[in-house]
Amino acid sequence: MSQFQGTPGSPVDPAVARRANRLMIAVLAVVAALLVVRAWVGTEVGSGADAQVVHGYGMVFVEAKGAGHVQVPAAEWAKAVAADPAQQRVTVSGPRTVGVWAAALMTLAVLSFLWRDNPVYKLAESVVVGVSAGYVMSTAVWSSLVDQVFGKLAPGFTKAYLSPGLTTTEADWWALVPLGLGMLLLCRLSARLSWVGMFPLAFVVGVFSGWRFVQYVESDLLAQVATMFDPLYVTGPTAAATVGGTLCAVLVLVGVLSVLAYFFFSLEHKGPVGGAARVGIWYLMITFGASFGFTVMGRIALLAARCEFLFDDWLWLIDPAGKH
Amino acid sequence: MASHGGTPSAFARLDRIDRRWIFLAMFVAVAAPILWVGVTGKTFPEAPTPAVQGAFDAVESLPSGARVLVSMDFDPASAGELQPMATAIVRHCVLRGHSICAMTLWPAGGPIIDGTMQDVLGDRPDWTYGERWVNLGYRAGFEGVMKQMNSRVSLAYATDVRQTPLAEIPMLKGITGIADFDLLVSISAGYAGAKEWVQYSVSPTLTGAKPLKFVAGSTGVQTPQLIPYYPNQMAGILGAIKGAAEYEYLVNEAVLKADPAAVVPPRFQEAQRRMAPQLFGHVLMVALIVLGNVVFFGLRGRESRA
Amino acid sequence: MLADAALPAEKAWFAADKLPLLAALAVVVAAVLGSIALARGGRPIRIRRLAGLDAVEEAVGRATEMGRPVLFVPGIQDMDNIMTVAGVTILGHVAKVAAEYDAEIEVPTSRSIVMTAARDTVQAAYLAAGRPDSYNADRIYYVTDDQFAYVAATSGMMARKKPAACFYFGCFFAESLILAENGNAVGAIQVAGTAETAQLPFFVAACDYTLIGEEFFAASAYLSGEPDQVGTLLGQDVVKAIVWITGLAAAALGTLAALQGPDGALRPFVSAVRAAMGGGA
Amino acid sequence: MSRSIAVLVAGIAAVVMVLSKFIVPLESAETTVAEWFNAAAAIAFVLGGASLLKMNLLTISARGPGWGYAAVTLVAFLITLGVGLLKVGVPPSAAFPDHRMGGTPDAEGGALWWIYEYLMSPITGTLFAMLAFYVASAAFRAFRAKNAAAVFLLVTAFVVLLGRTYAGVFVTSWIPSDVPWVSWLRLENLSAVIMSVFTTAGTRAMIIGIAIGVAATGIKIMIGLDRSYLGAGSGGGNG
């Protein structure tokens, strides 16, 4: 189902939709042809006498170092080749170059949803769901379970096969408690046994709400109320600074009190409470406006990062960070 | 919606515009400046806001050799906004001679620590691992990790990521609880992150003998929610990519002030470069809202007249 | 282990610097429990009018007039999220109004358990309105757990059925924008309620009425009619009133101390109280 | 019966955690509980993986709609989990060069790192970047100045959007920056004032209100009035 095509404001007329699709394909074909031409011409890397021409996109160069490889700019490769054309120290990394291509294609696959819902987008989405879950699970096992649970229950085995840096040598049977909690939690997967999972859940919820109860009051109630001791009269180096500082201090206090008044629910918004609540709503609107601006700022920053990846790492159109 | 007579009015046509044109406009507004900046390398000057200056001063004012705990509480989904902050703050710490202890509360934060440290320390072989910096990696448990670290860091982390027991790491000598660090930094994309650090680790120390100094870098979405904690519960906030750009600018200015002949590597100007696509994106957003309202009220005016 | 040895041998068993915190916790506990007891004792507790709730009737009425359905989205989270619970409570109210007006109500959900809960709630509302026959369980259905797939399907449905009233009550993330945009495009009256702070600005800008944060929970507590919930609401108001008065007094003291200058008699007192509350010197 | 026991467990756990804040000898109880809590959090991730496995297997075996995609998810999950648990391709750690499992599972060069760097990062990053497009479209079609409140909101948004880029400096550069009585009107300064005065005040009041709400919920869990947590599991969504 192409949901977004069905929304009002989209070309519902099939002829228009067909024309739009044809246009899209034509644009993509032109872009692809331009890229092929540019690959054929090649890109110069390195400078001066070391300069080399490479044909292709998304290439990653690595230098052998110690047990592994580290990524180096293409210019390093150009220098190495200029010094010794047969060198094997700096080379194109197959897996990483394939990786950049995979990343670029996946980026485009997700972006293709903007045109309309399609199988390529769904494929990328399915991949990321599986990959993220697998990644998080293996990270949780290695970083928390191995040391904190296995290492305590079977230190000898864990040290020999899993975690050579382990220092504990004697089993700590208290570690059975979290293991048991975890096992009970896993019972939630079974329809018949899911009630057993209620106990670890109750434990976690209880601990968590105890902590939250104390910390919210300490940090967000008490310490925040303490800021209201800020004097309303602020002296600055100039008359303007004094007036400005004082005005700001007054406005902050008025704002906190009036927004609080807006959130009184057992009092009808009439009389002075109503007046305060009306001021409160203006403060809330300004707060939301600023929040709106900041959120938009964040969204655009993320898009910029993806564009930079496509233009820099993949297509080598720009090189602001000196990667090639 | 409403079109009167045979040909729809300009308003009605605009109102029914295919939203993909708007998508295209946004793409161009962001992509074109990136290409332009990528080719010319130009950036805008930044004027630091007080919260960013506060963060900078917090790092700057520590005596050289201070120990800073940096928690990189984000994953690649938010790296576009937060990576430049992480790089800039870590770089500033290294320039000032502070030792860095890195950790993360997000499962996908591990490689981010590696990447950041490699970026900053690539040309600083003198910054030996264990002596000047250490990577504790990820630990599951969110606030639970904070609670443990408040009393003893070694409760949460038995070893660092390189399997060295904490007691054998030189730079952590004398560190028991989190308050023994001279500064806590959290680069945070949400839960668990800066807000929880304030609540669980910073605020409890405020009534004690040694309050823990705290600086946060935060995504645009989260920043407004952290503002009330400044300056009482945190020394500074880097808000969104603009905060990162200001911080980068401050660090680079400090480098140039110390040595006017120094060349700032372009990889340390990432956020400043991003302010160009940001500028055009924001202007487009304002224009779209204004245009949308013109169309809306234009159509409404016609309807009421008709 | 090493750290324990380093600690002083004679350790106080009570954390003295946390005394103000303990007092604050005691005040909150007393206010909340006292108010719940009051509400259980049968004392009627009034809740102020909420514009967003008043708008429900207007919006449903308009949908009936236009012969178009009412859409209700209870967020995209499961029933363990308090916002979803509050959303489903409000759904009960919306469904009751819809039953009285004989308007069709459409509830796509993103979790299967939310669907079950929503069906129970809506059925009970139709029964309470005296129209059990008009209840149609098929109109309350599970779409998919996946966020964007859910919003895509719901948007498509909105474009086809053109609801005249759209209600968004629950926990929302990025889909808030897309839903509100599509509702706007079909010309619906939109009422939203969430405590998800990052989405509130978008709802306020795109909807006709929005229940903001606590207002949303207050609406749900009010509609539930449970004394425990209404009592908690009153308890929270009591704490807020205490904060209000404390804040005003603090500002007065702080200003006086500042006016007295650096050697003023008030200054040490203000600094000490402030520091004890965790507000620095 | 079992529900009552669960409610009791939650209540006792909460009360002990509150007391440990004040009673110093209870501090070690708190860190021990924190350790259990953290292990439970780690196991919750395992639970997440297992439930993903179960759901997708069910879809595939029933040949439900989109079972092909479920198969893709399943394969991606199993491959990632496999290379992660076995540390495929991970360079050994410097301290234990002979130990196969000595390296970090997501160290550069390993298979898990490759998946992270070239599949997970770009896809999650782009999924979030899509929001820039949605917000642009909504800006044109949904953000209407319908009432005074919305006007206030949108005008503030404009000031912040422009003031936080060079556009603000450019548009109001004609306002003298050295006359303090007017310099605050420059967009970049105005947006700073909005943050330090209005956002501070508005958000402070909101977080005070939220703190009171959280405290009230905590009290209800401690005395067993709130049992909603005995409901069902949950998922997440893109912010």
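A salt bridge is a side-chain nitrogen of Lys or Arg within 4 Å of a carboxyl oxygen of Asp or Glu. Select E218(A), D17(C), K18(C) and K21(D) to see a network of such bridges. Over all chains, the whole structure holds 34 salt bridges.

This is a predicted model, in which local features need pLDDT of at least 70 and side-chain atom pairs count only at pLDDT 80 or more, while totals for chains, interfaces and linings use all residues. Residues are numbered from 1 along each chain as its sequence is written, chains are lettered from A and ligands numbered from 1 in the order in which they are written, and side-chain values use heavy atoms, with hydrogens and water left out.

**Chain C**

Next, select D102(C), which sits in the loop between α4 (82-101) and β2 (105-109) of chain C. Helices (H or I, at least four residues) and strands (E, at least two) are DSSP runs, numbered from the N terminus. Most residues other than glycine have a negative phi. D102(C) has a positive phi of about 60 degrees and is not a glycine.

D102(C) is in the loop between α4 and β2 and R131(C) in the loop between α5 (112-128) and β3 (140-142), so the pair ties together parts of chain C that are 29 residues apart in sequence. D102(C) is partly exposed, at 48% relative accessibility; buried means under 20% relative accessible area, exposed over 50%, and partly exposed in between (1.4 Å probe, protein chains only).

Now select R139(C) and E106(C), whose side chains meet in a salt bridge (3.3 Å, N to O). R139(C) is in the loop between α5 and β3, and E106(C) is in strand β2, 33 residues apart. Is E106(C) buried or exposed? At 2% relative accessibility, E106(C) counts as buried.

**Between chains**

Select K146(D) and D208(C), which form a salt bridge (3.8 Å, N to O). This pair crosses between chains.

Then show helix α11 (residues 270-305) of chain B and helix α5 (residues 148-163) of chain D, which pack at about 155 degrees with axes 9 Å apart. Axes are lines fitted to C-alpha atoms, for helices over the stretch in contact, and angles run from 0 to 180 degrees between N-to-C directions. The angle makes α11(B) roughly antiparallel to α5(D) (over 145 degrees).

**Chain B**

Finish at Y191(B) and A192(B), joined by a cis peptide bond with omega about -15 degrees. Another cis bond runs from Y230(B) to P231(B), with omega near 5 degrees.

Conventions:
Parallel < 35°, antiparallel > 145°, perpendicular 65-115°, else oblique.
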